[in-house]
Amino acid sequence: MNLEVEIAGIKLKNPVIAASGTFGFGREYSKLIDISEFGAICTKGITLKKRIGNPQPRLCEVYAGIINSVGLENPGVEAFVNEELPFLKGLDTKIIANINGFTKEEFVELTKILTSLVDMIEVNLSCPNVKEGGMVFGKDPKKVYEITKSVRNVASCPIIVKLTPNVTDITQLAVAAENAGADAISLINTVSAMAIDIETRKPLIKMVTGGLSGPAIKPIAVRMVYECFKKVRIPIIGMGGIMNYKDAIEFFIAGATAIQIGTVNFINPKAVCEIKEGIEAYLERKGFNSIKELVGNINI
Amino acid sequence: MKLLDVEIEENVKIANDIFLLSFESEYLAENFKPGNFVNILIDKESIYPLLRRPFSISFVEGKRVYIGYKVVGKGTKLLSQKSKGEVIDILGPLGNSFLTDTFDGKVAVIGGGVGIFPLLVLCKELKNRGNKVDVFLGFRDLNSMFLVEGFKDICDNTLIATDDGSRGYKGSVVELFKANVSNEEYKVVFCCGPKPMLKAIKNLNLPVKCYASLEEKMACGIGACLCCSIKGKDDKMYHVCSDGPVFDIMEVEIE
Ligand SMILES: Cc1cc2nc3c(=O)[nH]c(=O)nc-3n(C[C@H](O)[C@H](O)[C@H](O)COP(=O)(O)OP(=O)(O)OC[C@H]3O[C@@H](n4cnc5c(N)ncnc54)[C@H](O)[C@@H]3O)c2cc1C
Ligand SMILES: Cc1cc2nc3c(=O)[nH]c(=O)nc-3n(C[C@H](O)[C@H](O)[C@H](O)COP(=O)(O)O)c2cc1C
Ligand code: FES
């Protein structure tokens with residue numbers, strides 16, 4: 001069975017990608033599983049300067065999901081290039097760098113540094129856990145266009161623009177990214193959310209609100225992939241609450257060319273293998289010859 | 001660190017809301033160090049609870065691994081309902097460990113509530129290395145006491161504090177420790193317990209090294225998600241799951 005997919009000329013041996021922020025820089029999980037099983041790894045979000053992230057508590061669990069407010073803790077691009085990238089390069093999988101700027105210039109700067117060092121760049125215009133940049137840019141189609149265009153101008157590798165679900169119409173962002181020259185879009189980032197301890201009347205996240213991920217957001221994500229698939233021609237990378245192969249198949253049918261898996265890594269580090277095998281068995285059972293035949297193949 | 005499916009040998013109530021779970025695992029028994037923890041997936045199909053739950057390894061007898069826990073929420077409630085023969089998915093051993101050199105003198109070990117669980121094996125190890133060990137244990141009341149006999153068998157002195165005074169000193173375990181610390185020249189102090197207790201110990205500004213096992217809400221347990229970060233000196237970030245859970249108490253912020 002052919003599980004290979006292509007995004008802007010870059011071939012992934014299979015469509016299962018580790019989602020940014022849920023897989024660190026690969027090192028930790030490499031002690032537990034064979035990372036070459038992944039089609040690609042998307043790194044923890046990288047910024048120009050080191051960031052210490054948000055105060056504790058940064059995590060709480062809710063029905064069928066978790067809320068996090070890590071706030072882009074990362075060692076900065078220089079440390080990433082010197083200390084993390086050599087390890088990642090040694091793995092038999094493609095590397096996607098997830099980048100975060102607080103101004104357009106920072107996105108451009110990060111792209112210039114990374115474009116020749118990684119296989120693709122994922123421009124994160126959707127982080128809900130920082131006060132500037134991130135989702136603040138990503139909610140405005142004009143800003144999405146502007147930043148994507150600036151990054152596109154200096155990038156020699158394919159660029160993926162990661163979109164936020166925290167808007168009324170996500171397709172406007174998708175179209176803006178496509179018009180500005182994005183090679184692909186990925187969706188969705190986490191959904192803005194909140195939980196309160198009723199005994200203390202305190203929010204369970206120090207920053208009050210955070211980003212919801214996990215099974216709770218899957219139906220929202222599938223709907224958004226489906227809507228964007230009708231509006232853009234560039235490949236869509238779908239994610240949000242994928243726990244098993246059945247969840248993954250839904251995303252392909254809705255129009256995703258590849259998928260990212262996030263929260264499930266924490267629960268079942270072997271999920272990638274199980275999802276890959278499940279996709280393969282499904283395609284065989286349904287008489288498809290390749291994963292491409294399934295993309296957007298929906299019966300309405 | 002490995003993913004293991006283990007079969008529950010025993011899962012029994014040993015005090016108010018407190019359970020002791022055991023299973024056989026040669027790998028864990030041979031590879032764990034005092035202070036290590038495991039991440040238990042309580043139910044594979046469940047979406048609430050969703051995440052694994054972290055628990056310290058309390059002690060080991062031969063190939064048998066013991067985990068003590070308190071029922072506090074949905075996950076621990078479900079865990080307490082599991083019985084012999086059921087299989088659970090465990091990731092471990094995780095984290096760093098208590099430093100157990102020979103200190104050539106007396107060592108103080110302080111535990112509060114479920115923070116007591118990882119200390120039994122620490123005391124054992126400290127004794128094996130020829131140290132003298134005084135242990136200070138804090139419980140809510142008589143009915144919530146556990147493992148006390150185990151500590152008495154191992155330690156040179158076992159001192160108890162209860163909030164209501166139903167056994168031992170009436171008051172907090174830190175007060176009990178403070179009352180004793182002036183007479184004893186401890187070479188090093190180890191502690192584990194709720195944050196206010198650790199904060200009070202930190203505020204004592206002890207003249208010797210003090211190592212504390214910390215807790216933070218965890219998702220991955222292996223250093224990948226950065227949910228469990230805490231600040232150290234000079235804005236250095238540590239991850240409780242992978243740099244810890246044991247830290248030099250003066251090197252980290254305890255909020
Ligand atoms: C390194 C480490 C070792 C621990 N060792 C023990 C032990 O030996 N015995 C014991 O009884 N308890 C221990 N705990 C605390 C134990 O993990 C929590 O009591 C348990 O996760 C609560 O789960 P719940 O579903 O019953 O509670 P809920 O409140 O329903 O849990 C909701 C969420 O919060 C997390 N959570 C809740 N409380 C804690 C906490 N105190 N620390 C970390 N995460 C938490 C859970 O993992 C879950 O994601 C340890 C915690 C850590 C971090
Ligand atoms: C702890 C955590 C940290 C994350 N950090 C990032 C990040 O740095 N950059 C980013 O683009 N997305 C980040 N995300 C979002 C995920 O990549 C993904 O979009 C989201 O979790 C939805 O997928 P899931 O439900 O499979 O987890 C993070 C998610 C989690 C849970
Ligand atoms: S729990 Fe994920 S980094 Fe510690």
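The model is predicted. The count comes to 24 salt bridges over all chains. Side chains of opposite charge can pair when their charged atoms come close.

**Salt bridges in chain A**

- A:Lys104 and A:Glu146 form a salt bridge, with their closest N and O atoms 3.6 Å apart.
- A:Lys104 sits in helix α3 (residues 104-114) and A:Glu146 in helix α5 (residues 141-154), so this pair ties together parts that are 42 residues apart in sequence.
- A:Lys104 is partly exposed at 28% relative accessible area, and A:Glu146 is partly exposed at 34%.
- A second salt bridge joins A:Arg223 to A:Glu227, at 3.1 Å from N to O.
- Both A:Arg223 and A:Glu227 belong to helix α7 (residues 218-229), where they are four residues apart, about one turn of the helix.
- A:Arg223 has a relative accessible area of 36% and is partly exposed; A:Glu227, at 26%, is also partly exposed.

**Salt bridges in chain B**

- B:Lys84 meets B:Glu9 in a salt bridge (3.9 Å, N to O).
- B:Lys84 lies in the loop between α2 (74-80) and β7 (87-94), and B:Glu9 in strand β1 (residues 2-15), so the pair links parts that are 75 residues apart in sequence.
- B:Lys84 is exposed, at 61% relative accessible area, whereas B:Glu9 is partly exposed, at 26%.
- B:Asp5, B:Lys44, B:Arg52 and B:Asp89 are joined into one network by salt bridges that share partners.

**Nonpolar surface patch**

- A:Met194, A:Ile196 and A:Val208 make a nonpolar surface patch of about 260 Å².
- A:Ile196 is in strand β12 (residues 196-197) of chain A and is partly exposed, with a relative accessible area of 49%.

Technical notes. Residues are numbered from 1 along each chain as its sequence is written. Chains are lettered from A and ligands numbered from 1 in the order in which they are written. This is a predicted model: local features need pLDDT of at least 70, side-chain atom pairs count only at pLDDT 80 or more; totals for chains, interfaces and linings use all residues. Side-chain values use heavy atoms; hydrogens and water are left out. Patches are made of residues with over 30% relative accessible area and no salt bridge: like charges are joined within 9 Å, nonpolar side chains (Val, Leu, Ile, Met, Phe, Trp, Tyr) within 5 Å. Accessible areas come from the Shrake-Rupley method with a 1.4 Å probe; for residues, only the protein chains shown count as cover. A salt bridge is a side-chain nitrogen of Lys or Arg within 4 Å of a carboxyl oxygen of Asp or Glu. Helices (H or I, at least four residues) and strands (E, at least two) are DSSP runs, numbered from the N terminus. Buried means under 20% relative accessible area, exposed over 50%, partly exposed in between (1.4 Å probe, protein chains only).
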